[in-house]
Each structure stands twice: as C-alpha cells, then as structure tokens.
Amino acid sequence: CLPLPSHEAHVTFLKALPINTPPEVFGLHENANITKNIQEVNLLMDSLLLTQSQSSGGEEGGERMEDVVHRTAGEILAKLY
C-alpha cells in the first residue's frame with residue numbers, strides 16, 4: 001500500500017497550478033485567450049460608457065460622473081502595466 005501524501009504536499013501542488021486555464025486545455029487555439037480578453041475589455045468599456053452617459057454633468061459636493069469614469073479607467077490601466 002502506497003503512503004498518502006501529506007496535507008502540505010496537496011497544498012503545494014494546488015498552489016503550483018495556474019490561476020487561469022490555458023485555452024489549449026479545451027482544444028482551443030492560443031489566440032482564443034486574446035479574443036476573450038478583448039471581449040472582456042470591450043464589455044468593461046461599454047459599461048463605463050453607459051455609466052458616463054447617465055450622468056447629469058455634476059453633483060453638488062461630489063465628483064462628476066465623467067471624472068469618476070476617467071479615474072476608474074486610469075486605475076484599471078495602472079493595474080495592467
């Protein structure tokens with residue numbers, strides 16, 4: 001009978017697995033990942049634009065929605081680079 005791996009061995013193995021599964025695992029071309037990322041960015045930017053178009057220009061004592069969208073887009077870009 002083979003000895004069972006320790007809890008630490010399981011944790012180490014799981015931490016070594018990639019966070020995102022590569023598209024090749026599902027039989028897809030590696031460019032499928034690029035297409036998925038482009039679609040996610042387009043959805044995010046469309047959502048930001050919808051938020052911006054619903055703003056009334058400014059609120060008393062608060063940030064304008066346009067400023068919020070601009071700041072959020074800047075924070076997203078900073079995380080990407």
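**Surface, helices and salt bridges**

Author: Phe13, Leu14 and Leu17 make a nonpolar surface patch of about 330 Å². Such patches are made of residues with over 30% relative accessible area and no salt bridge, where like charges are joined within 9 Å and nonpolar side chains (Val, Leu, Ile, Met, Phe, Trp, Tyr) within 5 Å. This is a predicted model, in which local features need pLDDT of at least 70 and side-chain atom pairs count only at pLDDT 80 or more, while totals for chains, interfaces and linings use all residues. Residues are numbered from 1 along each chain as its sequence is written, and side-chain values use heavy atoms, with hydrogens and water left out.

Reader: Is Phe13 buried or exposed?

Author: Phe13 lies in helix α1, residues 7-16. Buried means under 20% relative accessible area, exposed over 50%, and partly exposed in between (1.4 Å probe, protein chains only). Because its relative accessible area is 55%, Phe13 is exposed.

Reader: Which pattern does the protein follow along the sequence?

Author: Helices (H or I, at least four residues) and strands (E, at least two) are DSSP runs, numbered from the N terminus. The protein has 3 helices and 0 strands. Read along the sequence, its pattern is α-α-α.

Reader: Why are Glu40 and Lys36 separated by about one helical turn?

Author: Glu40 forms a salt bridge with Lys36, their closest N and O atoms being 3.8 Å apart; the term means a side-chain nitrogen of Lys or Arg within 4 Å of a carboxyl oxygen of Asp or Glu. Glu40 is partly exposed at 47% relative accessibility, and Lys36 is partly exposed at 35%. The separation is about one helical turn because, in helix α2 (residues 31-53), the two are apart by 4 residues.

Reader: How many salt bridges does the count come to?

Author: Glu75 also forms a salt bridge, with Arg71, the closest N and O atoms being 3.6 Å apart. Both lie in helix α3, 4 residues apart. By the rule stated above, the count of salt bridges comes to 2.

Reader: How far apart in space are Ala73 and Leu44?

Author: Ala73 lies in helix α3, residues 65-80, and is partly exposed at 22% relative accessibility. Ala73 and Leu44 are 29 residues apart in sequence, and their C-alpha to C-alpha distance is 9.5 Å.

Conventions:
Areas by Shrake-Rupley, 256 points an atom, 1.4 Å probe, with all protein chains shown as cover.
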